[in-house]
Amino acid sequence: KAEGHFGELAKNPSGCFTVEKCFTVSNLSLREAIASDLVAVQAELEHSKTKQSPYLLRKLDIDGYAGCSYN
C-alpha cells in the first residue's frame with residue numbers, strides 16, 4: 001500500500017524509519033520501487049531540516065541508484 005508513497009514517508013523522521021525497514025526486508029523489485037520514489041524527492045530530502053532524511057539517502061545509497069543507467 002505504501003508503494004508510490006515512500007518519498008513522502010521519508011520526509012519525516014518516523015517515516016524514514018519505516019522506509020528503511022521496508023527496504024531492508026523487501027525483494028529486489030520493491031527495493032527498486034523504493035529507491036525510485038526516493039530519487040524523485042532526493043533534493044528535498046537532502047535539504048531536509050531533519051537529520052534522518054539525508055542519512056536515509058546515504059544508507060540506502062540513493063546516489064548510486066540514481067547514477068545507474070538501467071533505472
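Mentor: Helix H2 (residues 13–25) and helix H3 (residues 28–40) cross at roughly 150°, and their axes come within 9 Å. H2 is therefore roughly antiparallel to H3. The model is a predicted one, in which local features need pLDDT of at least 70 and side-chain atom pairs count only at pLDDT 80 or more, while totals for chains, interfaces and linings use all residues. Residues are numbered from 1 along each chain as its sequence is written, and side-chain values use heavy atoms, with hydrogens and water left out.

Helices here are DSSP runs (H or I, at least four residues; strands are E, at least two), numbered from the N terminus. Axes are lines fitted to C-alpha atoms, for helices over the stretch in contact, with angles from 0 to 180 degrees between N-to-C directions. Angles under 35 degrees count as roughly parallel, over 145 as roughly antiparallel, 65 to 115 as roughly perpendicular, and the rest as oblique.

On the H2 side, Val19, Cys22, Phe23 and Thr24 meet Arg31, Ile34 and Leu38 of H3, where contact means heavy atoms within 4.5 Å. By class, this contact comprises five nonpolar residues, one polar and one charged (nonpolar: Ala, Val, Leu, Ile, Met, Phe, Trp, Tyr, Cys and Pro; charged: Asp, Glu, Lys and Arg; polar: the others, Gly among them).

H2 also packs with helix H5 (residues 52–59), at an angle of about 15° and with the axes 9 Å apart. H2 is thus roughly parallel to H5. Here Pro13, Cys16, Val19 and Glu20 of H2 meet Gln52, Ser53, Tyr55, Leu56 and Lys59 of H5. Five nonpolar, two polar and two charged residues make up the contact of H2 with H5.

The structure holds zero disulfides, a disulfide being a pair of cysteine sulfur atoms within 2.5 Å. The cysteine sulfur closest to that of Cys16 belongs to Cys22 and is 12 Å away, too far for a bond.
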